[in-house]
Amino acid sequence: MFVLGDAPAGDYAWFPENASTFAADNDWLFGMISIVCIIFFIPIAFALFYFALKYQKPKGAPAESDTSHNTPLELAWSIGPSFFLVGMFVFGAKAYLDHRTVPDGANEVGLQGFKWGWTFNYGGGVYNPELHILIDEPTKLSMRSSDVIHSVFVPAFRAKKDVVPGRYNYMWFKPTVATEKVSDAELQAAIEATKAAGGEWDHDRWQFTKDGYRFFDLYCTEYCGKNHSKMQTVVVVHETLEDLNAWIEKYSKRQEETNPVEYGETLYNQRGCKGCHSIDGSKRVGPSFQESFGNNRVFASGEAIVADENYIRESILYPKAKVVAGYQPVMPSYKGQLSDDDIYCLIEYLKTVSAHSGKTEGGENIEASSSEDALSDAETATE
Amino acid sequence: MSAGSIPSGDQIKDPGYPTASENYLTNSKGALSWLFTLDHKRIGVMYLIGVMTAFFAAGLLALLIRLHLFRPDGAVFTGPEANNWYNQVFTLHGAIMVFLFIIPSIPAALGNFLVPVMLGAKDVAFPRLNLSSFYLWVFGAIFFVGALMASGLDTGWTFYTPYSTTTDTSVILATSGAFILGFSSIFTGLNFIVTINTMRPPGMTWFRMPLFLWATYATSIIQVLATPVLGITLLLLIAERVMHIGIFDPEFNGDPVTFQHFFWFYSHPAVYIMILPAFGVISDLISVHSHKRIFGYRFIAYSSIAIALLGFLVWGHHMFTAGMGPMTTIIFSALTFTVSVPSAIKVFNWLATMYKGSISLTTPMCFAIAFIFLFTIGGLTGLHLGTLATDMHLHDTYFVVAHFHYVMVGGTLVSFLGALFHWWPKMFGKMYSETGGRLAAVIIFLGFNLTFLPQFVLGSRGMPRRYATYDPEFQTLHQISTIGTLLLGVGLLVALFVLLRSLVKGERAPANPWGGATLEWQCTSPPPFYNFERPPAVGDPYDFSDIFWDTENERYVTVEPDRKIAPAEQPEPAHAEGTH
C-alpha cells in the first residue's frame, strides 16, 4: 500500500488521500460545485457547437430571427444561477469557520518557517524538521516566520495557512489516517543503500522517513525565493501516543553515546543551517563554513576578528551583531531554539569543516573529530 | 429573398477603395512620419507591434518554463543556480505578460485604432496625449524589463513583501516601471473617456454605441481609478526603504499583508482591465458573424459597468489563507460570488445571439467560439476558488494557475486574436487565408486545452505553484501540459504566418468584408487618414437588415432603397403665371 499523496504516476485520483476531518467536507463540496459547473457547462458547450453548425448559412443569407431581447428570459438567467452561488457560499463559509475555529484542548505544536525549511517545536526543547502528530487528536500549529511569508500546505489534510513574519498565524487539523511503519528489513535496506550512495535521505525514492514511517507531504505554497520548491517536509501520523512519545524522546536531545561532531552535523542538516551555509566553500546566502572557524573574518562595519567559539555562539544567537562583509543581515536568531549542548556540538562540527581548523588551533580539534568524511573534505579544500 | 441577392433598383452604398494618398498607411512616408504621427490609427499600429513583441518574448519564456518542468528535477536549467534561473524566468514571464501584453493588448492597440473610427470621429480627443502615452509605454517597458533583468528580480510579478524588500532594492525600480506603464494606461483611459463622452456623432446615444465602446469605457474607468493606488503603493515602499516607517516590513513593526491589500486593490481591478475589452470584442464578433442583432444589448452594457464597479470590491479573495479575520474573509467570499453573475449573463446573451442567426464560420468567429468555451471553463472554476472551504485546499496550487490562464489566455489572448483577425482587413486592407486562419484557431484551441486542463488536476492533487522542481508523482501531468504548450506555440506561429503572409500576398480587402453594421465598416479598408469626410449617419450598430452580400465583388454592401428627392419636379408656381 502506498500513501495516496505520493501515488505513483498513472493513478489519476482527483485528490490525494483523504486523511483529515476537513478532507471529507472539502471533497464533498468540491464535488457538488463541480457537478453544478458541469450542469451549466454541458448545455453551454452543446449549444455553442450545435448553434454554430445548425445556423451556419451561406454568406448573405438573412438570420432567422431579429429578436433584440427578452427581459423575462434574461432576468431568469441572471437570477437563477444566483441560488446555486448562495448555496456554494453558505456551505463554503460554514466549512471555513470549522477550519478557523481551533477546538479546545488541541495538542499544540510550534512551527517556524524559514528560508528554506521548517522547524517544529514539540516543547521541552525538542525541535525537529518533521511534523509528528497523533491520529484522531486535533493538533494546533502556532506558526511564525523568521524571514519572509511562507505557507503551510498539507494536501492530504486539505489545509493551508500562510506563515507571516511579525505575527502568529494558527491552523489546526485532525488526522484520521495513520501513516504506517515499514518493516525493519525494508528500512534497514534503505538506510544501507543511502549510506552506500553517500547521499542524503531521499524521501521521494523511499516514500518513508529515515525512521521508517510512511508520510504525508507538507509543502510551502507561498513563493519564498530560490529553494521554495525544496521547502518540503513530511507529516507522520502516529497510531498511538506511546509511539509518538518514543519518537519525540529519540530526538529530544543528544544521546549519551552520540559523538558531538556527528550530532552537530545532524543539526547542520536538519535545523536550516545548510540552506544558507555551504561546507565546500561555495557562496550561498551566508558565508561558507569552510572559511569560518579559525579564519579571519571581516565585517560589514569594517572591524575584523578571528572566528572563535564565542564568535560562532554569538552569530547563532544574535546573527545581526556581526555581519560578514559582502552578505546581507538576513539570518534569523536561534535564541531559545538551540540548547547549549546543541551549540557546542555545532561548533565542534564547524571546526571539522573549516579549512583552517588544524593550523590555527593546533591538533586538538582534529582529535575531537571522528567524522572522517568531514575531515577529508576539509583537507581537500585546503589543498 | 435568396442568399446574396441585392434588391434591384436600390442604391448601393460602398466607399470603394482608398487612393494611396488617402490611405493612412501610405499618405506620408518615412520613419519620422510614423514616430511623430498624431494619427490614432498609426499609434494603434505601433502599439500593436509593441505588444506583439512583448507577447513573443514572454511566450518564449513560458516555453522555457514548461520545458524545464518536463522532468521533476528540472530539464532546462541545471547547476547550483538552476532554481534561481527558473524563478527569474517565471517572474519575467508573468510581469511581461501582465504589464506589457495583456493590459495594453486590446485597449491600447486595438482600442486606439477603433474607438475614433467607431465613433465616426477624425481622431481621439487628445491626439498629443495619445502619442505621449505610447512613448510612456515604450519607455516604461524598457525601464521595467531593464530593472527586472539587471537585478535578476525573482519575486514573481506580485512583488510580495517582505521577500521583495529583504533582498535588494530593485523592487522599487520594478514597481516604478509598472507605475510608468500605469501612467500610460491612465492617459489612454482618460483619452477614451473624454472621446466617448464628447465626440459621439449626432444620433449616437449611449445605447446606440457598439458594445466594444461600452467595454472600452468601463475599462477606462478602472484604469483611471485603480492605477493611482499602484502609485501610492510605490511611494509607501520608497518611504519604507528610506525612512523605515514600518508599513510593510515586520522588522519595523509593519505588516507584510498590508502590501498584499494595496497590491491587489490595483491588480484585481487590473484583471478586469484585461478581460472587459475581451467581452466587448466578443459581443461584436458574435453579432457580426452571426449576422444577427446582439441579444440583450442593455444587459451586456450594464454588466460591463457592473463588473467594473464590483471588481473594486473583491481584491481580498487573493488573501483567503493569509490570516485575515474570519468575518472579512467571508465578506470577500460573498462579494466574489456577486461578480460572477454579470459574466454569466454575457455568456448566455452571446449564445442567444447565435441562436437562429446566419452564422459564417470565419476565422474571427472560430476564435469567438473558442473564447466562449474557454472562458466558461475559466469562469466556472472560479467558483471552486471563491468557495472558502475548497479554496483552503486549492489556493496557490496549479488549480489557480490553470484557472487564471483559462481567463487570461483562453479569454483575453483568444479574443485579442479574434479581434486581430476581425479588424485586420480594416487595419491593413488585406484579406488573409481563411483556411490558414481557421487552422490556427483549431490548433490554438486544442493546444491550449492540452496545456491547461491537466493543471486543474495537478492543483487538486496538491501541486503548489511556482515550483522549480516537484515530486515525481506529478510528472505525467506536467509532461502532458508541456506537450500541449508546444502545440499551442505551433498554433500561434501559424496565426502569425497567416497574418504576415496576407500583407504580401493577400487580396485587397473590401470596405466591409464581414457584413458589420458599425461605423468602421463604412469607411474604406484601410481607412483614409481623416477617417470620414463628414460625420456619418448613425444607425443601429446591430441592425443587419440592410446589409447584403455582393457575390460579384465578394463584399458586403449597405443597401438603401432608391430615394427620390421629393417632390421630383419643381412645382409650377400656379399663382405666378399671368397675374402680374
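Modeller: Axes here are lines fitted to C-alpha atoms, for helices over the stretch in contact, and angles run from 0 to 180 degrees between N-to-C directions. The model is predicted.

Biologist: At what angle do α4 and α6 of chain B pack, and how far apart are their axes?

Modeller: Helix α4(B) covers residues 127-151 and helix α6(B) covers residues 170-198. Their axes lie 8 Å apart, and the packing angle is about 165°.

Biologist: Why is α4(B) called roughly antiparallel to α6(B)?

Modeller: The pair packs at about 165°. Angles over 145 degrees count as roughly antiparallel. Therefore α4(B) is, relative to α6(B), roughly antiparallel.

Biologist: Is the crossing of α4(B) and α6(B) left-handed or right-handed?

Modeller: The contact between the two helices has 16 nonpolar and 10 polar residues, with no charged ones. The crossing of α4(B) and α6(B) is left-handed.

Biologist: What is the strand order of the open sheet in chain B?

Modeller: Three strands pair in antiparallel fashion. The order is β1-β3-β2.

Biologist: Which residue of β3(B) does B:K13 stand opposite?

Modeller: β1(B) and β3(B), residues 555-560, are joined by three bridges in the antiparallel sense. B:K13 faces B:T558.

Biologist: In chain A, how many residues of domain 2 are in contact with domain 1?

Modeller: The domain assignment gives domain 1 as 1-179 + 214-252 and domain 2 as 260-382. On the domain 1 side, 11 residues take part. By class these are four nonpolar, five polar and two charged. From domain 2, the number is eight.

Technical notes
Residues numbered from 1 in each chain as written. Chains lettered and ligands numbered in written order. Predicted model: local features only at pLDDT ≥ 70, side-chain atom pairs only at ≥ 80, totals over all residues. Domains from an automatic or database assignment. Contact = placed C-beta atoms within 7 Å. Nonpolar A, V, L, I, M, F, W, Y, C, P; charged D, E, K, R; others polar. Pairing = 2+ DSSP bridges. Helix = DSSP H or I, 4+ residues; strand = E, 2+ residues; numbered from the N terminus. Parallel < 35°, antiparallel > 145°, perpendicular 65-115°, else oblique. Left-handed = near helix turned anticlockwise from the far one by under 90°.
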